[in-house]
Amino acid sequence: VRIPRDATYYEYTIWIFPTALSKNADCRARVMELVEHYPSCAQYVPHVAHDRNQRLVSAKALPQPLKIEVTYSDEDGESGWKAMKFTVEMKYLQEIRTSALDRCVWQCR
């Protein structure tokens with residue numbers, strides 16, 4: 001794995017509402033897929049990675065607050081979960097600097 005020496009990544013916590021329904025792992029994963037295809041998110045998709053659950057890391061800072069509302073549908077475009085609307089919030093958590101990791105790697109050699 002090659003990691004830039006002085007890069008900064010941005011970590012976010014993902015919150016999906018309503019929480020009662022979004023506790024289902026398959027539902028959360030599908031909602032995050034829908035977010036990736038949401039038009040206003042297209043510009044961020046190449047810079048982010050997420051666990052399809054509660055953590056997102058981005059190579060570029062995301063605007064805050066970042067809230068996206070999606071209507072649930074399955075992969076075939078059929079509405080599920082009663083065509084519910086889910087709100088996804090990505091809340092800034094912290095910066096991750098690779099310089100600290102780089103120092104650690106060099107000290108361990």
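Reader: Which residue in E3 is the bridge partner of Thr13?
Author: Arg55 is the partner of Thr13 there. This is a predicted model, so read each pairing as part of a prediction.

Reader: How many bridges join E1 to E3?
Author: Four, and E1 and strand E3 (residues 55-58) run antiparallel.

Reader: What order do the strands of the sheet come in?
Author: The order is E2-E3-E1-E5-E4, in an open sheet of five strands with antiparallel pairing.

Reader: And which are the edge strands?
Author: Strand E2 (48-50) and strand E4 (66-71), each of which pairs on one side only. On average, neighbouring strands in this sheet are turned by 25° against each other, ignoring direction.

Reader: Which strands does helix H2 lie across?
Author: H2, residues 25-36, lies across E1, E2, E4 and E5. Its angle to E5 is about 80°.

Reader: Change of topic. How many aromatic pairs does the structure hold?
Author: Two. In the pair of Tyr12 and Tyr92, the ring centres are 5.8 Å apart and the planes are at 75°, so this pair is edge-to-face. For that label the planes must be over 60 degrees apart.

Reader: Where in the chain are Tyr12 and Tyr92?
Author: Tyr12 is in strand E1 (residues 8-17) and Tyr92 is in strand E5 (residues 85-97).

Reader: Is Tyr12 buried or exposed?
Author: Tyr12 is buried, at a relative accessible area of 1%. Tyr92 has 40% relative accessibility and counts as partly exposed.

How values were computed: Residues are numbered from 1 along each chain as its sequence is written. This is a predicted model: local features need pLDDT of at least 70, side-chain atom pairs count only at pLDDT 80 or more; totals for chains, interfaces and linings use all residues. Side-chain values use heavy atoms; hydrogens and water are left out. Rings of Phe, Tyr and Trp (its six-membered ring) pair if their centres lie within 6.5 Å; planes under 30 degrees apart count as stacked, over 60 as edge-to-face and the rest as tilted. Helices (H or I, at least four residues) and strands (E, at least two) are DSSP runs, numbered from the N terminus. Buried means under 20% relative accessible area, exposed over 50%, partly exposed in between (1.4 Å probe, protein chains only). Two strands pair if DSSP finds at least two bridges between them. Axes are lines fitted to C-alpha atoms, for helices over the stretch in contact, and angles run from 0 to 180 degrees between N-to-C directions. Contact means heavy atoms within 4.5 Å.
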